[in-house]
Amino acid sequence: ACGGSSTSSDPSAASSGKPDEAKNAAATLRVVVPSISQFLGQPFQAASPPRAESTSAIFDALTRVDNTGTPVPWLAKSWNRVNDTTWQFSLRTDVKFSNGEPVDADAVVATVTTLLGAAGTGSVAKLYNPTVSGATKVDAATVNITSSKPDGVLPQEIAALYIVPPKYLAEVGMDGFAKAPIGTGPYTVTSISSTEIAMKANPTSWRKPIIGNLQIKQVADQTARTNAILSNAADINTLLDLDQIDNVKAKNFTVFPLKNQAVFLLQFIASTGGSKPLDNPLVRQAINYAVDKDAVIKSVFQGLTTVASQGTAPGTTGHDDGLQPYPYDQAKAKDLLTQAGYPNGFELTGVYSLGAFAGDKDFLAQAQSDLAKVGIKLTMKQETTANMTSYLLKGQWPADMFTTAYLTAPTQDATKAYSFNSCLRKPGSWCDQTQADLISKALTQTVGTPERAETLKALAKAIHDNPPALFFNNGLKVIAYSSGVAGYTIDSSTNTSWETVYFK
Amino acid sequence: MATSGTRTWRLLPRGVKSSLYWLISLLILGLTVWKHGAGHAEQDIRSRLQGPSAQHWLGTDGAGRDNLQELLHGLPWSVEVALLATLIAAVVGTLVGVTSGWYGRWWARAILRLVDFEVAFPFVVMAVVLIGVLGRGTLQIALVLGIALWPLVARVVHGETLQLREQEYVVYSNLVWGNGLRVIREHLVPALLIRVAVVSAFVFGDVLGAAAALSLLGIGPSLETSSWGNMLADGQQYLNRDPWIALSSALALVVLLVFVNMLADRLAAAASRSGTAATMTEVLAPAEAADLDATAPADRGAR
Amino acid sequence: MADTGISTGQSAAAVRALSVTYRRGARLVHAARDVSIDIPRGRIVGLIGESGAGKSTVLRALLGLTKPTSGVVEIAGTDLSTVSAKAALALRNRIQVVMQNPYASLDPRWSVADSIAEPLRARSRQRGSEPMSKDDIARRVGEMLDRVRLPTSKLHSLPRELSGGERQRVAIARALSVRPAILVADEPVTALDNVTTAEILGLLEELHAEVGLAILIVSHSMSVIAQLADDVHVMQDGRVVESGSAESVLDHPQHPHTAMLIAASRYLDEWDGSGPELTTAAAR
Amino acid sequence: MTQQLSARPAAAPPQDAKDPVARRIALRLGVRVVELVGFLVLLVTVLFFLARVQGDPAVILAGPEATPEDVAQIRVIYGLDSPLIIQYLNFLRQFLLFDFGNSITERVPALDLAAGRLGTTLLLCVIATVINVAVATPIGIYIGGGTGSAAGRRRPLRKVVSGIVLATQGIQYYIIALLLITVFAIKLQVLPAIGFDRADSWILPSISLAWLAAPRLARVVQSAARQVWSSELVHTATAYGLSPATIRTKYVLPNVLVPLIATAGTQFTLLLSGAVIVEQLFGINGLGQLLVVSVQNADFPSLAAGVTLIGLVVFAVTAVSDVLYRIADPRLRRNG
Amino acid sequence: MTETTNTTKPTGAGGPAGATQLVVDVSQLTVELGDPDRGHGVRIGPVDLRIGRGECVCVVGTSGAGKSTIGQALLGMLGPGGRVTGGSVRVAGTSLFEADDKTLRSLRGSTVTMIFQDPTSALNPVRRLDKIFADVLKAHGTTGKDEIVARTREALTAAELDPDAAMRRYAHELSGGMRQRVMVALALVNRPAVIVADEPTTALDPTTQKEVIELFGVLKRTNTLVVITHDLRVARRLADRIVVMSLGRIVETGTVEEIMTAPRHPVTQGLVANQKLTKVVKRRDRS
Ligand SMILES: Nc1ncnc2c1ncn2[C@@H]1O[C@H](COP(=O)(O)OP(=O)(O)OP(=O)(O)O)[C@@H](O)[C@H]1O
Ligand SMILES: Nc1ncnc2c1ncn2[C@@H]1O[C@H](COP(=O)(O)OP(=O)(O)OP(=O)(O)O)[C@@H](O)[C@H]1O
Ligand SMILES: [Mg+2]
Ligand SMILES: [Mg+2]
């Protein structure tokens, strides 16, 4: 049933013998996660982790995006672009929801229609697929999804559009659904709260699981999460503190570094051509040269990831492997600053919300200490997540830079991240017209075509040369689980194949 | 009034005086360290998380800073915030306690009820809310902790004022001056000073502990600020592999707190011997102790 | 209102139809009910009664420490409620007080000199009275110390270094330093042993004779009243049950309660070991 | 002469009420409730405006990737477009009906959310209180003195224990929590490091939390005991030849109870404070965690609901200790 | 009243009883309170005091004379900061300051008991009176429930209280006079050889004082009493023998007549004179 493109985190799993079925059926897999979806079992809002663990246990979408950024068949067997604004999907016919409703064109149409309506405010249909304008049934197993503008990446975008049973949804409504979700995945929910989800195996699923029960528990504190697995209070920690890698490895836990297709950086609030220091491309380059990011990667990340060279991570559609990260070169940085007219440096302020990404604290400390050496005095101020969000949406910042991540989920396409952080979003924090034009162009071109590849290559170079941010690292999410767990796989879109997990 | 200060000093028992000398020497130490500079010790990310060595006696932290240096850098902030908060608590608490105790009108009682509720209200929760709004600067944190702890002072001062108010010498003074403020200045404030000092010493300890706790919740001072709480919060994650960071800051905190508590204890003991009767019970369970006196039947039949 | 037979025209201070009600929980305590007591100029008025009778309450009302529930407080013939606060304060300045507990009536932080000087400083600060220089005050303090027969060496002693009798002397010196017209004393000797009691009572009597000030003395001891008072008021349960000259009240008590108080007092004073000793009643 | 009892009534029966005790209690309770409501209104009012200063709820509702249009739409849907004062009045009306609206982040009624978390936190605090009292009382009584002959003669061991108690007060409870986790959960693996669902998972958090209160309580008991030991009371008991053991159990302990209850009562709120941190360290999803997260997310309804519940708990605790006082000290029974 | 008791007493009223059975024998007792060498404390003694069975001795003196200290020493107790520096106290044959804790404990409350000045602070406020009596009885070997009740009733009756009404009360529910009676009953409950009373009337108002003194008048018929007071009038009412203390020493002893009519020591003279002064008829020459 597996799409075949997921990363197996446990190479031994494939070769090892058959799991003990009876033992596994009675067992409970305990997973600790940093937070559970605020929307409980409702899968349409916020497609990024942490909720990926529970949604991939309960739901399926028409497509999945694999580790190379390519859409692969999932509930849809195949698809093709009928015209600029229409994509046609043909569905699997062997899949049923856990309540018995069939997965067919009606279900897809109902799901899309519901999300486009009032009930879908803030849902993926409006946020990630702003172009999706409707769905029509062609026959029971074929459905057309239309977009309001030409949309070349729609098959990737709908990887976050989980299909739900229409009759049931109509019956219980969106709120009722959140409390008792029903899908096609390997597990069904027995109880759900904002802190804990208890699930049991769904024997009728097309992805029938091995382990009888799945428990997902929210443990916000990273140390507590580590302690949870170390003290055998949990089997899997989906987000391990980088500094614990050695430690848990030494205790015989499996540590799996997942490259999660995000880039972490300190975003400049600037626009090319403005009059502030940061509006000057030379200054922005200088800042990238000045900071020894490699030192942090080596010592904090233990070399498990790399310094970012552009706004996307390797494996993302549109990532240019040929581009090199800015090397640590303070002399060059000083040079550039002098060229730009700031030989004595200047002062900068930044805001951050802690825990936004792994190693953020270390990067910030490194940036502060290195920038000081080239005369740039960086003052960082911590903000709540709520404030950061608010600044982001209003486009008004009490600072010159802020920490953020360029996320490509769920499409794993460069345009996703770039468009959000460009002139295309208003009010935005960063604007460079050349880059914005390239993004617009790539958005309409059909995914996989050479023309599009060319546009994306030019875009990547533009981002690299005229950096909108101080690039830190390519995303890394470290997962740790006990040595008793086997067959645990997760892809870079954080889809977990729960059906293959078992206790040895 | 000028002489009443020296009078008070003359009356202080030896224990109090020596405690005060200790306190002052602590402050001088704090100031010396202050010169050491705020902010962090030098960082070198490549030598992070090292155990104790000849070069780094207490090892290094996650950013590669020397833990011992970091401790020295962190002390000023912790002392500064504790002093500020204690000062706020002591001043506000004394003002409110004296006025509510002395005037005892409806608004004074209302303030006191507020104090009661505030005491009853978990202060970490209040701190979480207020710091969320006010921000995480030193002043803000001190303010929040001060706000959280002034009721403690107010209750003690209030109770003491109520008692003093009934003292015949105060009644007499009020009679001849016909001016409450004057009486407060001449008799109450000097009488209350020692008690406020005792409570403040306890508050000081509380603030030190609480400030560190805020860091654990992620609402302590921001990262540029070097503080023991931040060290502890930071070290907490390495506790099971590199316990040095957490342990050194925890130990430093424990030593400082034990010191402060001992100071407070001696002050309290000395104060109670000197006849102003400040015992642990009254400091730590002040309102109830006062309440009990009020509710116990006024027994005049036996006279 | 009992007729005391004393002309109110020369009243130094008086309470008329005074009632004071305290709340204790949900209960009302009538500490004084319709009490009228006059303190004529130059006389010593005694107020007796058992514990809780309301003696202190009357005194507190007179001093303005307790607000009367109803009734009038007069000083020098002026009803205090009819004049401004400032005027009332000025009138109140004519009264000085010696408190009951010598151990609590002096600020433990203040020296004898400081304590005696306090009312002088207060007075000299008030408008309408001529300010006194530091030297003046010091001189007056010295005088007062002499007057109560305390050695100058005690001038800088703290209360804790004084005996109860000495403290009470300081309190009297303090009260008299501003030359009041009326002295109010709430059980000034109850806390003292006989020897000291005798000294203090002797002192009060002497001062009375010298400066002719009016005194209101509160006590539950008949002997004390018998020794000092010209007029006596007997209180029970918040009421004045009997008033009159000391002779009439103590020798011919009309009210059974007065009789009981006298009897109890006499019980101790009488002695059958070597024949009955003198008592107020037996004296005549 | 012999029967004086009727002649001097010990306590005059109150004259002005039919059932004065019940009435007084009712009155007192009524006043307390009014005060509580007043305080809560004040508190949520402050919270309300603070929250508005802190963040725009519509923005939070919309999520990080929303467009300004989404935010505007949400503003209309949630009534966040009306003037602040109207919003406040609406909120207040709802609040008085005990309706806090839906949690902004979790989209469920905030009160349900908070109430669901309350149980865990309460259980944690109650267990901690039990440990606190059970540990602090004997220690406090012990170091509070009382030797064979006269009160107050200190023995070396007593001094040592007293010093240890002083030191334990300096060791913050969160440090203890970290140590307990490291030793018992990770090194020895005998107790879970997270959660608060099974009985064995109660142990470490409760001990850590009790640590916050126990040294203080022990010292309060110590000081109260010392007072009793040096009182006329014990002096008398000694003069009647009672053994130190009898004095300790029948004189010192009962007379220490009132300050003990008073302190343990106020300490409950201290524990509620500490619970916030203990929950964090032990990954317990209690009310404290909810509040912290709510502040971070500007989730005002959850915050208000949580804070209100805490207010109610504190109120209840005060009421309970009020009753306990009266049981512990007969002198307090009479005048309500 | 005094006459009758005097005649029934076996003891002569003179100085330390010689021939009669000694119950209390204090010889050359010296006590240090606080730290006299450092200036904050006093030395008491040497004190010699012998009391025969059935005698009623009143100890009078000015404040701070050391009366309470001697009274406590009769129970083998001293206040905080007190030390015996010489001499001995024997009560019913036992030398108190040489006895061990256990002996002392068995002595206190049964052989020798004490009535304190302030019954309000001396009675356990949180314990019902019958329980307090039971504690004291149990401490001295009376364990039977019925016997405890019987003995309590007996003592309360002897103290002129209604046992039914008093037993089930708490101390705070009684008036001051009743509380002092309870203290008396508590002292009587183990049928002591000696009762020491420290200022039993000082805290009371005259009406109550009278009641309590009368009660003591009854008690002295059957008990050996040591009454400490600073009020000569009380001593005059009760004593077979008056002992005058000043500055830590006994300065004079004598019968009531001797002391009242022919005081020799200046302190005694002062006390006697002043005691007269307080009841002298007011001077009429002033009007
Ligand atoms: N502030 C108060 N609140 C409530 N009741 C009070 C207050 N002050 C006095 N009382 C009550 O009023 C009554 C009279 O008290 P007051 O002090 O005047 O008596 P007193 O005659 O001076 O007695 P004592 O001889 O004991 O001093 C008493 O029953 C007392 O309990
Ligand atoms: N611990 C102590 N340290 C120093 N001095 C003390 C101490 N205890 C008592 N004294 C002093 O010892 C003297 C004798 O005290 P004691 O209580 O025996 O006197 P008393 O005759 O009973 O006086 P009173 O009539 O006031 O009760 C007093 O002057 C007292 O101040
Ligand atoms: Mg009085
Ligand atoms: Mg005495």
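Visitor: How many residues of chain C are in contact with chain B, and with how many residues there?
Guide: Happy to start there, with the reminder that this is a predicted model. The area buried between chain C and chain B is about 2,700 Å², and carbon and sulfur atoms give 53% of that area. Counting residues in contact, chain C brings 32 and chain B brings 23.

Visitor: Which element gives the most to the side of chain C that touches chain B?
Guide: Strand E6 and helices H3 (112-125) and H5 (164-176) of chain C each supply at least two residues to that side. The top contributor, with six residues, is H3(C).

Visitor: Which strands stand at the edges of the open sheet in chain C?
Guide: Six strands line up in the order E6-E7-E8-E3-E9-E10, with mixed pairing. An edge strand has a single partner, so one of its sides is left without a neighbour in the sheet. That describes E6 (95-98) and E10 (239-245).

Visitor: What is the bridge partner of C:Gln236 in E10(C)?
Guide: Strand E9 (residues 231-236) of chain C runs antiparallel to E10(C), and six bridges join them. For C:Gln236, the partner is C:Arg239.

Visitor: Is E:Ser246 buried or exposed?
Guide: This residue is found in strand E9 (residues 241-246) of chain E. Beyond its neighbours within four places in sequence, E:Ser246 is in contact with E:Ala65, E:Val251 and E:Val267. Its relative accessibility is 11%, and the cut-off is under 20%, so E:Ser246 counts as buried.

Methods
Residues numbered from 1 in each chain as written. Chains lettered and ligands numbered in written order. Predicted model: local features only at pLDDT ≥ 70, side-chain atom pairs only at ≥ 80, totals over all residues. Heavy atoms only, no water. Pairing = 2+ DSSP bridges. Helix = DSSP H or I, 4+ residues; strand = E, 2+ residues; numbered from the N terminus. Buried < 20%, exposed > 50% of the residue type's maximum accessible area, 1.4 Å probe, protein only. Contact = heavy atoms within 4.5 Å. Buried area = accessible area lost by both parts, 1.4 Å probe.
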